[in-house]
Amino acid sequence: MSMGKNWKSTTDVCWILCAGQWKWSANIRTFDWRILMSEIQWKIETGHRGTDDPAVAADAWLLQLLREKTNWTERKTEPFSFGICDQNCWIAAASGTYLFETCYLDLIATDPGCRGKGLATALLRHLEQECLKRGVRRIFLSTQDFQAPGFYEKQGFECCGQMTDVPFAGTTRFFFMKTLSE
């Protein structure tokens, strides 16, 4: 939902939680959100379906919504980490998460003294092969302008977005995606 200076919604329809009940609003294009926000009663649940852990309860609820929308019956997620050692010292490594049919590459690094030798490229090739074995067809990552956006472009990744001043002023975060084929 996008709200401008006048706090008017640009959305045609939405669900609203008021007084503990979900209400459907068919046309709220001119609805004043300040009025709505004063009427909403917020409540954070601390337990659900036999658990006192809010994170577990929230995760179960979110997974149920996922099932209803996608027919996935379980969360298909697996973290990974691998790297290259030289004489028992790490010189390059990568880590991330396989999530359903997408791989999220969180970190990849090469020891400064070992850069330019193709180690990061070797790690990406290994990751691509692991993805294909698991039926994962997309790799997604983000990097900063002061890191290596050009490296990812050389590896066949396409920039699919960017945000300026993230995570702090004066920097740009780039988002990259690569679709794999056998």
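**A residue and its sheet**

Author: Asp-106 is partly exposed, because its relative accessible area is 47%, and that class lies between buried, under 20%, and exposed, over 50%, as found with a 1.4 Å probe on protein chains only. This is a predicted model, in which local features need pLDDT of at least 70 and side-chain atom pairs count only at pLDDT 80 or more, while totals for chains, interfaces and linings use all residues. Residues are numbered from 1 along each chain as its sequence is written, and side-chain values use heavy atoms, with hydrogens and water left out.

Asp-106 is found in strand β5, where a strand is a DSSP run of E with at least two residues and a helix a run of H or I with at least four, numbered from the N terminus. Leaving aside residues up to four places away in sequence, Asp-106 touches Ser-95, Gly-96 and Thr-97, contact meaning heavy atoms within 4.5 Å. From Ala-94, Asp-106 is twelve residues apart in sequence and 7.7 Å apart in space, C-alpha to C-alpha.

Strand β5 (residues 102-110) pairs with strand β4 (residues 89-99) in the antiparallel sense over eight bridges; pairing requires that DSSP finds at least two bridges between two strands. Leu-105 in β5 is the bridge partner of Gly-96.

Both strands belong to an open sheet of six strands with mixed pairing, in the order β3-β4-β5-β6-β8-β7. Its edge strands, each pairing on one side only, are β3 (77-86) and β7 (158-164).
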